[in-house]
Amino acid sequence: MIVLGVETSCDETSAAIISDNSVLASVVSSQEIHSQFGGVVPELASRAHVRLIVPVVEKAFKDAGITKQEIDGLAVTYGPGLVGALLVGVNYVKGLALALNKPFIGVNHIEGHIYGNLLSQQEDVKFPIIFLIVSGGHTQIVLMQDHLTYTILGKTRDDAVGEAFDKGGKLLGLGYPGGPEIDRLAQEGDPEFHRFPRAVLKNDTYGFSYSGLKTSLLVYLNGIDEQEKKVHLNDICASYQAAAVDVLVTKTIKAAREYKAKQIGIAGGVAANSLLRSQLQLACDKHKFNLYLPDLVYCTDNAAMIARAGLEHLKRNIVSPQSLNAFPSLILESAV
Ligand code: KG4
Ligand code: ZN
């Protein structure tokens with residue numbers, strides 16, 4: 001089966017074509033314009049998607065060396081995300097599906113991230129699997145008993161972990177997004193230089209809270225002078241990152257043990273974080289879990305992951321009606 005995927009939920013305009021588990025083309029155009037504002041400006045994102053969607057999709061077909069008639073279906077992110085940005089992809093794909101007379105599938109962005117991980121694996125996924133979803137907008141632990149079947153065990157009550165990285169980066173005077181920068185600077189730092197808090201939530205075993213971590217960084221920075229901040233920037237990044245990652249690893253392992261899952265996967269932009277990957281690998285080795293790590297290109301937003309999730313729907317004949325609309329606050333639900 002050949003599927004076109006389109007992703008426009010935030011600030012990447014992306015199109016990909018996959019044939020079963022192989023990626024024939026993957027085009028990701030990242031909108032540079034937002035970096036000067038220190039975050040994504042929704043209206044600018046929508047306008048850039050409108051400008052980029054056609055050339056990005058055309059390039060995907062050219063790279064794959066196939067015609068539009070050769071695809072079996074089209075998949076598009078319809079939520080969660082920025083409404084104006086989502087609308088561009090959804091309307092474009094609905095129009096193209098109608099013109100080609102092919103089925104189209106609206107895909108949940110989080111489900112896409114999960115399938116971005118599975119796209120990176122050589123073997124077929126084994127269930128049950130615990131997924132840790134860590135992106136700029138989401139932090140959740142999900143149990144999957146089968147394909148397209150999700151039980152959310154816990155999620156963040158306030159900021160997502162990616163947001164904690166980005167807001168932390170801003171407080172430290174780093175560029176946007178802060179996550180990759182903190183990761184890079186932390187490589188040369190001491191994670192025990194300062195102990196930032198790890199949030200433990202009463203009666204919410206798999207819940208997270210990241211707003212306190214960001215505030216504790218602000219309070220800490222207000223208490224030191226510019227010189228100290230400069231000299232110890234790597235150490236502060238390493239300590240902050242350690243606090244953010246610690247809780248993720250502990251709760252993911254706990255969930256896998258409780259739900260007797262032998263497999264653990266991570267997905268979303270923060271799955272690119274080097275400390276999270278290494279710490280989780282250590283913990284999985286210790287507790288004898290099989291860790292599914294996504295390739296770095298399939299961690300941050302891309303359309304190959306959307307096409308891969310769409311293919312799983314298409315295989316089961318689960319397709320969307322032309323009345324499907326963008327849904328900014330869409331939550332992850334089982335499709336079967
Ligand atoms: O999944 P994604 O591309 O977009 C959303 O769906 O939100 O995730 C973007 C997030 C940003 O917060 C970014 O800072 C974070 O992923 N990120 C990282 C790393 N690479 C990307 N955070 C920590 N370490 C990284 N290496
Ligand atoms: Zn994402």
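A salt bridge is taken here as a side-chain nitrogen of Lys or Arg within 4 Å of a carboxyl oxygen of Asp or Glu. By that criterion the structure holds 14 salt bridges. It is a predicted model, in which local features need pLDDT of at least 70 and side-chain atom pairs count only at pLDDT 80 or more, while totals for chains, interfaces and linings use all residues. Side-chain values rest on heavy atoms, without hydrogens or water, residues are numbered from 1 along each chain as its sequence is written, and chains are lettered from A and ligands numbered from 1 in the order in which they are written.

Helix H1 spans residues 42-64; helices (H or I, at least four residues) and strands (E, at least two) are DSSP runs, numbered from the N terminus. Within helix H1, glutamate 43 and arginine 47 lie four residues apart, about one turn of the helix, and their closest N and O atoms are 3.0 Å apart in a salt bridge. Residues are called buried under 20% relative accessible area, exposed over 50% and partly exposed in between (1.4 Å probe, protein chains only). Glutamate 43, at 45%, is therefore partly exposed, whereas arginine 47, at 52%, is exposed.

A second salt bridge joins lysine 68 to glutamate 58, with 2.8 Å between the closest N and O atoms. This pair links distant parts of the chain, since lysine 68 belongs to the loop between H1 and strand S4 (73-79) and glutamate 58 to helix H1, 10 residues apart. Both partners are partly exposed, lysine 68 at 22% and glutamate 58 at 38%.

In helix H7 (residues 226-231), lysine 229 and glutamate 226 are three residues apart and form a salt bridge of 4.0 Å, N to O. Lysine 229 counts as buried because its relative accessibility is 18%; glutamate 226, at 58%, counts as exposed. Elsewhere, shared partners join Asp159, Glu163, Lys167 and Lys214 into one salt-bridge network.

Attention now turns to the ligand. Of the 19 residues around ligand 1, those that come nearest are His113, Gly136, Asp166, Asp183 and Gly269; a residue is near if one of its heavy atoms lies within 4 Å. A backbone N or O atom of glycine 136 is 2.8 Å from an oxygen atom of ligand 1, and an N or O atom in the side chain of aspartate 183 is 2.9 Å from a nitrogen atom of ligand 1. Because domain 1 (2-114 + 298-315) and domain 2 (126-293) both give residues to the shell, ligand 1 lies between them; the domain bounds come from an automatic or database domain assignment.

Notes. Polar contact = N/O pair within 3.5 Å; in protein donor to acceptor, adjacent residues only side chain to side chain.
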